[in-house]
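Here is a short briefing on how parts of a protein model are put together. Look at the strands first, then at a helix, then at a single residue.

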Number of protein chains: 4
Amino acid sequence: MNSATPPDAFLVASHFSWPVRVYWEDTDAGGVVYYANYLKFFERARTEWLRASGIHQQAMHTQTGGMFVVSEAHVRYLKSAHLDDELMVTCTLIERGRASVMICQQALITSSDHAVLLSEARIRAGWVNALGKPARIPQDIQNKLI
Amino acid sequence: MNSATPPDAFLVASHFSWPVRVYWEDTDAGGVVYYANYLKFFERARTEWLRASGIHQQAMHTQTGGMFVVSEAHVRYLKSAHLDDELMVTCTLIERGRASVMICQQALITSSDHAVLLSEARIRAGWVNALGKPARIPQDIQNKLI
Amino acid sequence: MNSATPPDAFLVASHFSWPVRVYWEDTDAGGVVYYANYLKFFERARTEWLRASGIHQQAMHTQTGGMFVVSEAHVRYLKSAHLDDELMVTCTLIERGRASVMICQQALITSSDHAVLLSEARIRAGWVNALGKPARIPQDIQNKLI
Amino acid sequence: MNSATPPDAFLVASHFSWPVRVYWEDTDAGGVVYYANYLKFFERARTEWLRASGIHQQAMHTQTGGMFVVSEAHVRYLKSAHLDDELMVTCTLIERGRASVMICQQALITSSDHAVLLSEARIRAGWVNALGKPARIPQDIQNKLI
């Protein structure tokens, strides 16, 4: 995914991060976080990023009938997370289109002096209208996505 | 739950069972099936029991707006299940009311000559109408619940 | 479950609560939180209650080989939770035995002037040693469970 | 992912498919299967493909201490699945290395005369030894992966 990695300055500018604690429900018999569950962690961070931007998905769906739907997820798994770990999950908008956005996300374990990258993903989310069809992202939502 | 266990004859009469294979997704870092996931297994068996009785939940919901909702679940965990185990999950109607039913369910590992009981539950499911309010179970659904 | 409800004074004394936000992953096609997921919420609160009491499950398991395992869960579902809701999940020790404890838990939506009870559970957790056998809860863990 | 799509002849040769029924647990408040759950469906099909090839993961792990771990998952979501749908999930080995394999997977709804593609993924799974380190896939497992 190297060629599409955004420059550092951009990363710093739009960075959002959200803490996620690992519970029993997240782990599997291999003793680590189950691979599908990172998609749950990534979505929690995206939801909180939207909320911090003034976009409340439940209210937005009630008002417009529309919602964001993931059309593509490309995840790389580098290191494992374990029970009781506290992860930091980031969310960075790297591409904005009229009908979809591309978001870069990372799950890390951070301490005072360094960070270990566990997993990273590039997520494409498209807007679908009340009929479930791909459509242009409403302007007021576009304005809030910074 | 002994005092409420239905007599054997009844059990034999209304017994329904459904196989459930244990995958990585079902296990936790303790190496066994995570306790909440038995409720998923129990629901799969209830869904297949309804389907075998001619009740298709998605179609039923589209037609009537109503659905069954679990109001109480009492689960006992006796032995652990592990990755690759194949469980047999049973479903027995032990009480039928006008607005709710009580179902007894078990998760077992069975072989040719014996069975090991892993978990058992008593589940109360009530009918809610299109407005989300408790209501009488429609007569044609009552008729199919045997 | 009325007969076993602990007296109010006790509830106040040992009360622990933990916030849980509802995300897409927690909901089902009925538009509400899926019934099995309350067991996840309850476990998160129990884990945080243990952590606040100085008991770290991963470290405890590494040191002693033992762990708590749920042997019984009795859950009542009263009202539904929805996407974006913020729940408060409580944890109250109502019975302590030599080999197991009974915990009363509630999931509520609270506002400044009132609280709505969505679900409540009584959970029995027993200690199992490094061999996976029921055993007496180690004394130093007993001492921390207040 | 077009450029890497294997030629049809290869697809036919190594094709494996596994049925997956959609239950309440798999859906979300959008009324469709939650995006992370396709990774569960894909893993079930991979597990059954391994099992059909004579590779039992639990036994394999007990014997060798090693296991397959997903290092990369690239998923595209094209259409939604709903409650009660029966999906067909395929599994095709498209690349075999000494330490990892690449698998192409699809989730479809099939009827007698056509198929609708809901989601497809390319999954890289690497071998890790008993120490949790990347290692060469054992020869007897290599021999069974056809």
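In this predicted model, strand β4 (residues 100-110) of chain B pairs with strand β5 (residues 115-128) of chain B. Eleven bridges join β4(B) and β5(B), and the sense is antiparallel. Strands of a sheet pair through backbone hydrogen bonds, either parallel or antiparallel.

**Strand β4 of chain B and its two partners**

- β4(B) and β5(B) make a hairpin, with four residues between them.
- One bridge pairing here is I109(B) with V116(B), which lies in β5(B).
- Strand β3 (residues 86-96) of chain B also pairs with β4(B). These two strands run antiparallel and share eight bridges.
- β3(B) and β4(B) form a hairpin as well, with three residues between them.
- T90(B) has Q106(B) in β4(B) as its bridge partner. V89(B) is partnered by A107(B) in β4(B).
- How much of β4(B) is buried? Eight of its eleven residues are, so the strand is largely enclosed by the rest of the structure.

- β4(B) belongs to an open sheet of ten strands with antiparallel pairing. The order is β1(B)-β3(B)-β4(B)-β5(B)-β2(B)-β2(C)-β5(C)-β4(C)-β3(C)-β1(C).
- At the edges stand β1 (16-21) of chain B and β1 (16-21) of chain C. Each has a single partner strand, so one side of each is left without a neighbour in the sheet.
- From one strand to the next, the twist averages 25 degrees.
- In a regular strand the side chains alternate between the two faces of the sheet.

**Helix α2 of chain D**

- Helix α2 (residues 37-52) of chain D has 16 residues. From first C-alpha to last, α2(D) reaches 23 Å, close to the 22 Å expected at 1.5 Å a residue.
- α2(D) is mostly covered, with 15 of its 16 residues buried.
- Just after α2(D) comes G54(D), which takes a positive phi of about 90 degrees.

**Residue Q106 of chain D**

- Q106(D) sits in strand β4 (residues 100-110) of chain D.
- Is Q106(D) buried, exposed or partly exposed? Its relative accessibility is 21%, so Q106(D) counts as partly exposed. Buried would require under 20%.
- Q106(D) touches several residues beyond four places away in sequence, including F42(D), M88(D), V89(D), T90(D) and L117(D).
- The side chains of Q106(D) and E120(D) make a polar contact at 3.2 Å.
- Q106(D) and L39(D) are 67 residues apart along the chain. Their C-alpha atoms are separated by 11 Å.

Technical notes. Residues numbered from 1 in each chain as written. Chains lettered and ligands numbered in written order. Predicted model: local features only at pLDDT ≥ 70, side-chain atom pairs only at ≥ 80, totals over all residues. Heavy atoms only, no water. Buried < 20%, exposed > 50% of the residue type's maximum accessible area, 1.4 Å probe, protein only. Pairing = 2+ DSSP bridges. Axes fitted to C-alpha atoms, helices over the stretch in contact; angles between N-to-C directions. Expected span 1.5 Å × (residues − 1). Contact = heavy atoms within 4.5 Å. Polar contact = N/O pair within 3.5 Å; in protein donor to acceptor, adjacent residues only side chain to side chain.
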